[in-house]
Amino acid sequence: MNFKDMKSSNPAMAQMEQQAMSLGPVDEFIVDDSQRMTVNGTINKTGILLAIVVAVSAFSWNTILTNPSLGYGLAITGVIGALIASLVVSFKPHTAPIGAPIVAALEGLFVGAISAVFEMRFPGLVVQALGLTLAVMFAMLFCYRTGIIKVTGTFKKIMTFAILGIMVFYVVSFIASFFGAAPSYFEIGNNSLFNIGLNLVIVGIAALSLVLDFDFIERASEQNTPKYMEWYGAFGLMVTLVWLYIELLRLLARFQND
């Protein structure tokens, strides 16, 4: 089997798969077993990336509290920088050992800032969002391992279009915000039925994206996949978890009372 049999709808994985499909059997990459991608190695590297996100988030959180203008500047830098760095890693997977930690640090700038803003308005919300993120992750892992959710070709196609649609929505909204026309969806605590419904849909898609990540990592690890792909798999999983956390934070805020 080679990468032609392996497909993922996670945007962070798609480019690597396209490239790998043109490179022939995966076992041509490997010199010895120590250079082979493993699930445990990917889990360890995911832990490292998440630790970076948390550490940088703490710095960004503190900056927002002590110097709001600088904090917001760091958040914008994090969003733009993470997008650019993610594109580099996506198009050049072999850069993941360096690029993935950079993306984690940049995402931390944004995550810490937005978490602080939500927490100042709704005390205790961040802990709830973190707990729910972990609960969803383990629930999706259970559904994947037990076969409750099967990663079929149709499932991947639907997820691909859904994720791309959401990404376009994010980018267009971000650009519109510079002209004072950002959608009400991004207003903290806006609890209109439309925004709640859209938020639930996005959370659902983010959660299902975890299943795609699990599937990709497991199947890639079963092949003679290069060791650096552990960083790539960890990169994709980290991006999804951060995305899920932010959307859960936003969803929980819609049910809070000021």
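Mentor: Start with the terms. Helices (H or I, at least four residues) and strands (E, at least two) are DSSP runs, numbered from the N terminus. Axes are lines fitted to C-alpha atoms, for helices over the stretch in contact, and angles run from 0 to 180 degrees between N-to-C directions. This is a predicted model, where local features need pLDDT of at least 70 and side-chain atom pairs count only at pLDDT 80 or more, while totals for chains, interfaces and linings use all residues. Residues are numbered from 1 along each chain as its sequence is written, and side-chain values use heavy atoms, with hydrogens and water left out.

Trainee: How many helices and strands does the chain have?

Mentor: The chain has eight helices and zero strands.

Trainee: At what angle do helix 5 and helix 7 pack?

Mentor: Angles under 35 degrees count as roughly parallel, over 145 as roughly antiparallel, 65 to 115 as roughly perpendicular and the rest as oblique. Helix 5 (residues 125-146) and helix 7 (residues 193-222) pack at about 55°, and their axes are 9 Å apart. The two helices are therefore oblique to each other.

Trainee: Which residues of helix 5 and helix 7 make the contact?

Mentor: Contact means heavy atoms within 4.5 Å. Helix 5 contributes V136, M137, M140, L141, Y144 and R145, and helix 7 contributes A207, L208, L210, V211, F214, D215 and E218. Ala, Val, Leu, Ile, Met, Phe, Trp, Tyr, Cys and Pro count as nonpolar, Asp, Glu, Lys and Arg as charged, and the others, Gly among them, as polar. By that scheme, the contact of helix 5 with helix 7 has 10 nonpolar, no polar and three charged residues.

Trainee: Is F214 buried or exposed?

Mentor: Buried means under 20% relative accessible area, exposed over 50%, and partly exposed in between (1.4 Å probe, protein chains only). F214 has 11% relative accessibility, so F214 counts as buried. Leaving out residues up to four places away in sequence, F214 touches M137, M140, L141, Y144 and L237. F214 and Y144 are 70 residues apart along the chain, yet their C-alpha atoms are separated by 7.6 Å.

Trainee: Which residues touch the most other members of the largest nonpolar core?

Mentor: A nonpolar core is a set of buried Ala, Val, Leu, Ile, Met, Phe, Trp, Tyr and Cys residues joined through side-chain atoms within 4.5 Å. The largest one has 64 residues, and M140, L210, M238 and W243 touch the most other members. Helix 8 gives the most to this core, with 18 residues.
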